[in-house]
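Below is a set of questions and answers on one protein model.

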Amino acid sequence: MASLTLSVPKDLKHKMNSFRYINWSEVARSAIINKIHLLNKMNTMLSKSRISQEDTVNYGRMIKKRQWTKTKKLLQ
């Protein structure tokens, strides 16, 4: 099995140390596996998509603009 070194902030390490009975390597391994499954599903879905990357960026900008307009109205 390959080895991976993970850096975490000191405050997080301190919190992790308060749960010494937890196998943090297994927690990280499980999180990585779950992320890979999610990314594979996304790749499968996107491979069948007929929307271009440019269209996706444009839709995202339109949605962001609409959401900002709604939020601005709520703040007034």
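Q: Which residues lie nearest the centre of the largest pocket?
A: This is a predicted model, in which local features need pLDDT of at least 70, side-chain atom pairs count only at pLDDT 80 or more, and totals for chains, interfaces and linings use all residues. Residues are numbered from 1 along each chain as its sequence is written, and side-chain values use heavy atoms, without hydrogens and water. A pocket is an open set of points on a 1 Å grid, where a 1.4 Å probe fits, with protein on both sides within 12 Å along at least five of seven lines; lining residues have an atom within 4 Å of a point. The largest pocket has 15 lining residues, and nearest its centre are L4, L6, W24, S25 and A28.

Q: Which helix gives the most to the lining of the largest pocket?
A: Helices are DSSP runs (H or I, at least four residues), numbered from the N terminus. Both α1 (10-17) and α2 (24-47) supply at least two lining residues. The top contributor, with 7 residues, is α2.

Q: Is I22 buried, partly exposed or exposed?
A: I22 sits in the loop between α1 and α2. Buried means under 20% relative accessible area, exposed over 50%, and partly exposed in between (1.4 Å probe, protein chains only). Because its relative accessibility is 31%, I22 counts as partly exposed.

Q: How far apart are the closest N and O atoms of E26 and R29?
A: A salt bridge needs a side-chain nitrogen of Lys or Arg within 4 Å of a carboxyl oxygen of Asp or Glu. E26 and R29 are 3 residues apart in helix α2, so about one helical turn separates them. They form a salt bridge, with a closest N and O separation of 3.0 Å.
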